[in-house]
Amino acid sequence: MTLPTLGWKEEASLPEWGIHGLRVKLDTGARTSALHVLRFRVVGHHEHDGEPMPVARLTVPLSRDDSDQTVSVTTPVIGYKSVRDTRARSELRPVVRTRLVCGPLDVEIDISVTDRAGMIFRMILGRKALAGRALVDPSRGYTTRVGKARREESRR
């Protein structure tokens, strides 16, 4: 089986959440994928593996430049994970699960949600999401880029 090759940065979609044209950094040094959210609020509860877990409403920014462009997503939290941030500080983050499409890659992945304000990429695609599914060529970027007209259309 030949694995697809992606660049170190790509454009991806979280189609179940209506998010398209999301710039992601493929980071094989990061174990877990992470998504920038403006707000995280518990709005209910569900049972996961016999344990009561929250259902959260996430406010996800669609643009780094326009904070008014957001998507509100209601999704179950499937757990919590201790993750080291960019300054090597450990923090406990909620983890959610959704479908990710990035070029030929179409998979369900776990994503920790956090505040990535000030970071260039709103999402990090970690090695757990990539392992056995894709190769990363650090000399390339945006190999899967969707045309601007299609991105604008998908945001309407």
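**Labels and their cut-offs**

Me: Where does Y80 lie?

Reply: Y80 lies in strand β8, residues 79-84. Strands (E, at least two residues) and helices (H or I, at least four) are DSSP runs, numbered from the N terminus. The model is predicted, with local features needing pLDDT of at least 70 and side-chain atom pairs counting only at pLDDT 80 or more, while totals for chains, interfaces and linings use all residues. Residues are numbered from 1 along each chain as its sequence is written, and side-chain values use heavy atoms, leaving out hydrogens and water.

Me: Why is Y80 called partly exposed?

Reply: Buried means under 20% relative accessible area, exposed means over 50%, and partly exposed is in between (1.4 Å probe, protein chains only). Y80 has a relative accessible area of 43%, so the label is partly exposed.

Me: What makes the nonpolar surface patch that includes Y80?

Reply: F40, V42, Y80 and L92 make a nonpolar patch of about 390 Å². Patch residues have over 30% relative accessible area and no salt bridge; nonpolar side chains (Val, Leu, Ile, Met, Phe, Trp, Tyr) are joined within 5 Å, and like charges within 9 Å. The areas come from the Shrake-Rupley method with a 1.4 Å probe, and for residues only the protein chains shown count as cover.

Me: How do you know that E91 and R93 form a salt bridge?

Reply: A salt bridge is a side-chain nitrogen of Lys or Arg within 4 Å of a carboxyl oxygen of Asp or Glu. For E91 and R93 the closest N and O atoms are 2.6 Å apart, so the pair meets the definition. Side chains of opposite charge can pair when their charged atoms come close.

Me: Are E91 and R93 buried or partly exposed?

Reply: E91 has 27% relative accessibility, so E91 counts as partly exposed. R93 has 8%, so R93 counts as buried.

Me: How many salt bridges does a search of the whole structure find, and which others are there?

Reply: The search finds three. D110 and R97 meet at 2.6 Å, N to O. That pair links distant parts of the chain, with D110 in strand β10 (residues 105-114) and R97 in strand β9 (residues 90-102), 13 residues apart. D106 and R99 meet at 2.7 Å, N to O.

Me: Why are D110 and R97 called partly exposed?

Reply: D110 has 31% relative accessibility, so D110 counts as partly exposed. R97 has 35%, so R97 also counts as partly exposed.

Me: What makes D106 and R99 partly exposed?

Reply: The relative accessible area of D106 is 45%, so D106 is partly exposed. R99 has 30%, so R99 is partly exposed.

Me: What makes β5 an edge strand?

Reply: Three strands form an open sheet in the order β5-β6-β7, with antiparallel pairing. β5 (39-48) and β7 (70-76) each have a single partner strand, so one side of each is left without a neighbour in the sheet. The twist averages 20° from one strand to the next.

Me: How do you know that β5 and β6 pair?

Reply: Two strands pair if DSSP finds at least two bridges between them. Nine bridges join β5 to strand β6 (residues 51-61), so the pair meets that definition. F40 stands opposite L58 in β6.

Me: Why is D49 called exposed?

Reply: D49 has 71% relative accessibility, so D49 counts as exposed. D49 lies in the loop between β5 and β6. The phi of D49 is near 55°, a positive value in a residue other than glycine. Most residues other than glycine have a negative phi.

Me: What makes the largest nonpolar core?

Reply: A nonpolar core is a set of buried Ala, Val, Leu, Ile, Met, Phe, Trp, Tyr and Cys residues joined through side-chain atoms within 4.5 Å. The largest has 31 residues, and L14, L100 and M123 have the most contacts inside it. β10 gives the most to this core, with five residues.

Me: Why is β2 called mostly covered?

Reply: Five of the six residues in β2 are buried.

Technical notes
Axes fitted to C-alpha atoms, helices over the stretch in contact; angles between N-to-C directions.
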